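Open the model in your viewer and keep the selection panel at hand.

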Amino acid sequence: MKYISNNLEETQKIAEDFINSLSPKDSGATVIGLYGNLGAGKTTFTQAVCRVLKVTDTVTSPTFVIEKIYELTGSKFTHLIHIDAYRIEKSEELLHLGWKDITADKNNLILIEWPERVA
């Protein structure tokens with residue numbers, strides 16, 4: 001699915017509609033790839049999703065830490081996992097982040113920036 005936003009208000013509305021359309025799967029995490037050039041709004045979209053999910057932490061791009069995990073309460077998911085794969089050179093590097101475990105949990109929502117780097 002492709003969404004286009006022209007401002008923060010539209011991004012917030014898209015995030016609300018997006019989250020409302022999701023439900024945990026029968027098995028395995030829900031993994032969403034966020035594509036776009038630098039500055040396209042991948043992190044801004046993730047911040048909007050976090051607002052919808054009532055995340056109270058400051059949400060920034062995990063470019064240098066690669067992965068941030070937010071615990072969710074009162075949501076259909078128990079964790080939002082935000083991964084920035086920009087600095088990852090090989091898909092195998094995701095294994096060091098616990099990729100098998102986080103993707104096995106059907107209650108996890110994973111948003112991954114630059115998914116083409118770890119296809």
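Contact here means heavy atoms within 4.5 Å. The model is predicted: local features need pLDDT of at least 70, side-chain atom pairs count only at pLDDT 80 or more, and totals for chains, interfaces and linings use all residues. Residues are numbered from 1 along each chain as its sequence is written, and side-chain values use heavy atoms, leaving out hydrogens and water.

**Stop 1: Phe77.** Select Phe77, in the loop between β2 (67-71) and β3 (79-84). Strands (E, at least two residues) and helices (H or I, at least four) are DSSP runs, numbered from the N terminus. Phe77 is buried, at 1% relative accessible area. Buried means under 20%, exposed over 50%, partly exposed in between (1.4 Å probe, protein chains only). Now show its contacts. Not counting residues up to four places away in sequence, Phe77 touches residues including Leu22, Pro24, Thr30, Leu72 and Leu109. Lys106 is 29 residues away along the chain, yet its C-alpha atom lies 8.2 Å from that of Phe77.

**Stop 2: β1.** Select residues 30-34. Thr30, Ile32 and Leu34 point to one face and are buried.
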